[in-house]
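The sequence and the structure follow.

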Amino acid sequence: MNDVVASREYVLEKGTQKVQLVLDLGTPAKRPDNTGAWYCPFVIRQGDKARELSADGVDALHALTLALSAADTILRSRSVGGPLRMMDGTEGTGLAWPNA
């Protein structure tokens, strides 16, 4: 992944167990295949496991917002069986976009 521009830590509560998750968001960049498309890489880490992904868009902002949306969906899917909290105790990912 290219440079990390933002990172957030979470705690997933499953019964009495607390699992730490970390989201790292990379810098949006043009795809190297000269198609004009952009991508935004992101990594979700849990312990020694890491899931590296990216979202494609028509420009940097599009790729970034799609990466945030995808990360939100993946993190929320992990919270089945217990709440997912940001490090300040707020429940949820803090990534969801309000309906416009």
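**A buried threonine**

Thr93 has a relative accessible area of 3% and is therefore buried (under 20% relative accessible area, with exposed meaning over 50% and partly exposed in between; 1.4 Å probe, protein chains only). Thr93 belongs to the segment after strand 6 (84-86), where helices (H or I, at least four residues) and strands (E, at least two) are DSSP runs numbered from the N terminus. Not counting residues up to four places away in sequence, Thr93 touches Arg8, Tyr10, Asp72, Leu75, Arg76, Leu84 and Met86, a contact being heavy atoms within 4.5 Å.

**Basis of the model**

The model is predicted: local features need pLDDT of at least 70 and side-chain atom pairs count only at pLDDT 80 or more, whereas totals for chains, interfaces and linings use all residues. Residues are numbered from 1 along each chain as its sequence is written, and side-chain values use heavy atoms, with hydrogens and water left out.

Strand 1 (residues 4-14) contains Leu12, which is buried with a relative accessible area of 3%. Leaving aside neighbours within four places in sequence, the contacts of Leu12 are Gln17, Lys18, Val19, Leu21, Arg78, Ser79, Gly82, Pro83 and Leu84. Phe42 lies 30 residues from Leu12 along the chain, and the C-alpha atoms of these two residues are separated by 19 Å.

Strand 1 and strand 2 run antiparallel and are joined by ten bridges; two strands pair if DSSP finds at least two bridges between them. Val11 stands opposite Gln20 of strand 2. The two strands form a hairpin with two residues between them, and Gly15 in this turn has a positive phi of about 65 degrees. Seven of the ten residues of strand 2 are buried, so strand 2 is largely enclosed by the rest of the structure.

**Pairings of strand 4**

Strand 4 is joined to strand 2 by five bridges, and the two run antiparallel. Leu23 has Ile44 of strand 4 as its bridge partner, while Leu21 is partnered by Gln46. Strand 3 also pairs with strand 4 in the antiparallel sense, over two bridges, with Ala29 opposite Tyr39.

Nine bridges connect strand 4 to strand 5, again antiparallel. Tyr39 stands opposite Asp56 in strand 5. These two strands form a hairpin with two residues between them; in the turn, Gly47 has a positive phi of about 65 degrees.

**Helix 1 and what covers it**

Helix 1 (residues 60-78) has 19 residues, which at 1.5 Å a residue should span 27 Å; the end C-alpha atoms are 27 Å apart, in agreement. The expected span is 1.5 Å times one less than the number of residues. At the start of the helix, a side-chain oxygen of Asp59 comes within 3.3 Å of the backbone nitrogen of Leu61.

The buried residues of helix 1 include Ala63, Ala67, Leu68, Ala71, Asp72, Ile74 and Leu75. What covers the buried residues of this helix includes strand 1, strand 2 (17-26), strand 4 (38-46), strand 5 (49-57) and strand 6.

**An exposed asparagine**

Asn34 lies in the loop between strand 3 (29-30) and strand 4. At 74% relative accessibility, Asn34 counts as exposed. Most residues other than glycine have a negative phi. Asn34 is not a glycine, yet its phi is positive, at about 60 degrees.

Terms used. Polar contact = N/O pair within 3.5 Å; in protein donor to acceptor, adjacent residues only side chain to side chain.
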